[in-house]
Amino acid sequence: MAAKDLAIGNKRKASGDKKGKSDGKAKKAKLEEVAEPEEAQDNGSDDFESFSDSDDGGVKLGQNRSHKQFKKNDDDSNGKTFERGQTSRESHAKQKQLAQERKAAKPLADEVHRTKKIWEKLRIKSKVPKEERQKLVTELFEIITGRMKDFVLKHDAVRAVQTAIKYGTAEQRKQIAHELEGTYAQLAESRYAKFLIGKLLVQNDEEIRDLIIPHFYGRVRKLINHPEASWILDDIYRTVATKEQKAILLREWYGPEFSLKEMNKDTNVTADLNKILEAEPSKKSPIKKTLLDMINTLVQKRMTGFTMLHDAMLQYFLSLEPGTEDFTEFFELIKGDENGDLLKNLAFTRNGARLACLLLAHGAAKDRKQILKTYKDTFLMMAGDNYAYLVILAAYDVIDDTKLTAKSIFPELVGEKDEEVVQNIVGAANNANARLTFLYLFEGLSKSLFPPGSTFAQDVIKEVHEIRQKTSKKDDATRKQELIASLMPHLLEVIASSPGDLISTAFGCQFITDVMLSESGDKAKALQAIAESVGTDPNAVPDEDDLNPKVHVSQTAFGGRMLKSIIQGGRFDKAAGHVVQIQPPLEFANVLYPIIKDYIIEWATGPSSFVVVAMLEAPDFSDADAVRKVLKKNKKLLDKAAKEETADQKASREAKEQAANEKGAKKNKNKKTETPVGNAGSRILLEKL
């Protein structure tokens, strides 16, 4: 790098000399300056040399010198570097020697050089024994302790400090954090040192976190616009900051008066803009103007990926009254992003996804169409994200033009080629988020799709439902039924072609159940494929050579529930007190029995015995008498299964006993179990006989 800087310095000096001298004098001056590389290089700038001190010779990139530059000048009074007759290799060796001398003359030169050598060894973890690594780390800490601030602003030395954080103890990391106290805002602006902050915070040490984050108080408005500091600031806000720390950082978007440089732990700080405006109504206009200016600045700079920005945008949006001029202008600001990056980025954060859903709910038909167009080629990625899938569900709920919705979303979720369709649908059916983009149309806000822990998703969807009462016209049931009709052929095709990939998982079985219990589409091929996929011996032992043996569907609880539900042909209605069959009826018992009749006793005495119970109770089952005859002949096996402890019951009992032993509780062998031991399905079948 020294040689490259020398060439640049020579060009600048030569160009300056040409202004006041003749061409001949300029050339002479240029030759003289080439002969003085040390003076040309000594400009006070930092020497960001590479990690390796080795050099294989040759002229470095950007060092395009003619052979005339190496000719000796007639005047030797200025201490010339190159002698007449020197080769390129000799000249380069002399330049390298000069560069090393300048490097050695800098402060902490020997220490920096040694830390780089230690770093080169430690960075390859597999090649350094544990004892040697500990010695190297100890030596590294001896070098950097007390000089931390001098090391962290050098791009090569800061990596050694990061290595010390990685391999140091908790106390040593705290030592580094305390020694750097007061410099974190400056480090965040450094191209290299900002990563050191991340290394410290990723350790999940609360003391370090509470030491570092307050250094950003009062500086958010400046740092969020900085090309380097903005990313580490947003990472801190998104990943490690507490709820109160997030509120303090976000409040600074509302104006300089909200910049708190110290946090009072007893103060309950809020970033809810509506609450702040309610407490100080006189400041409503300047606060909202400041916030909008901050948002607009980042949008215009195309810095739209920040979680903090998305949270600030949501706060501003919630403070607006629908239908007002401010509301319309902010809506247009979001839609007006040329590349659509703003809307796309919004979908992948918690509050950003909520904002995108609210925009869909409040928007007119033209607005909704434009938003869907923006998300083109992104829906498949959105379906699997923790938050972005909500935008797809909101589109299902509010867009009245179901043909537009189906045309925009389904081709990406499903795919076009046959192999792609199977891969996408099976993959989505077994993904906790992506499956909702299909099953939500069948189940809505059911507990099986949205368990108690998913309150955020439920709250957003309910919020959208309240808004759509004023902005959408089509009945919700009609809208969903039209979407299901567009999607159903693809789903049934995949179930018919690859049932085994679905019935092997709990999510896959739930997917099949929902599709089969929908009153849409021709299900004959899919039902036949499901029956054939379970027709093998339930008690068959997997091949020892099989690297990925599959458990028979009858041996799984989710598989038994799926088959039982399809045989019943409908869902249980609490109000009616019984299962309400879909129309036309599935009559799955008549499809399944001919395939499993040779193993009916294994089914009746196994974990999925309720499948046989459902068969006998099905009103459309034509072979019920044949099943009863077989069961009567094997009544002893049924009786044995009904009384013997099942594998699941045994495992549950042993787990309870182990827990009781760990708590020091005494066993009571005479105490009766709360639930009867044995196969409950087999017991019911005996009663029916």
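Begin by selecting helix H8, residues 157–167, where nine of the 11 residues are buried (buried means under 20% relative accessible area, exposed over 50%, and partly exposed in between, with a 1.4 Å probe and protein chains only). The buried residues of H8 are Ala157, Val158, Ala160, Val161, Gln162, Thr163, Ala164, Ile165 and Tyr167. Helices (H or I, at least four residues) and strands (E, at least two) are DSSP runs, numbered from the N terminus.

The structure is a predicted model, in which local features need pLDDT of at least 70, side-chain atom pairs count only at pLDDT 80 or more, and totals for chains, interfaces and linings use all residues. Residues are numbered from 1 along each chain as its sequence is written, and side-chain values use heavy atoms, with hydrogens and water left out.

**The whole protein**

Next, display the entire protein, which contains 40 helices and two strands. It has 689 residues, of which 45% count as buried. The protein exposes about 37,100 Å², and carbon and sulfur atoms supply 48% of that area; accessible areas come from the Shrake-Rupley method with a 1.4 Å probe, and for residues only the protein chains shown count as cover. Among contacts between residues at least 6 apart in sequence, 71% join residues at least 24 apart, where contact means heavy atoms within 4.5 Å.

A search of the whole structure finds two cavities of 30 Å³ or more. On a 1 Å grid over the protein atoms alone, a cavity is a set of points where a 1.4 Å probe fits but cannot get out, and lining residues have an atom within 4 Å of a point. Grid points are joined across faces, edges and corners, and a volume is the space filled by probe spheres set on the points.

For the second largest cavity, with a volume of about 30 Å³, select Cys357, Leu390, Leu393, Ala394, Asp397, Val460, Ile461 and Val464, which line it. Helix H24 (389–398) and helix H28 (455–471) each supply at least two lining residues, and H24 gives the most, with four. The lining has seven nonpolar, no polar and one charged residues; Ala, Val, Leu, Ile, Met, Phe, Trp, Tyr, Cys and Pro count as nonpolar, Asp, Glu, Lys and Arg as charged, and the others, Gly among them, as polar.

Remain at Cys357, which counts as buried because its relative accessibility is 1%. Then select Cys509, also buried, with a relative accessible area of 2%. The count of disulfides comes to zero, a disulfide being a pair of cysteine sulfur atoms within 2.5 Å.

**Helix H25**

Move to Thr402 in helix H25. At 8% relative accessibility, Thr402 counts as buried. Not counting residues up to four places away in sequence, Thr402 touches Lys474, Arg479, Glu482 and Leu483.

Lys407 lies in H25 as well, a helix that covers residues 402–414. Lys407 is exposed, with a relative accessible area of 70%.

**Helix H30**

Finish at Gly500 in helix H30, residues 499–503. Gly500 counts as partly exposed, at 28% relative accessibility. Select Ser533 with it: Gly500 and Ser533 are 33 residues apart in sequence and 6.2 Å apart in space, C-alpha to C-alpha.

Key: On a 1 Å grid over the protein atoms alone, a cavity is a set of points where a 1.4 Å probe fits but cannot get out, and a pocket is an open set with protein on both sides within 12 Å along at least five of seven lines; lining residues have an atom within 4 Å of a point.
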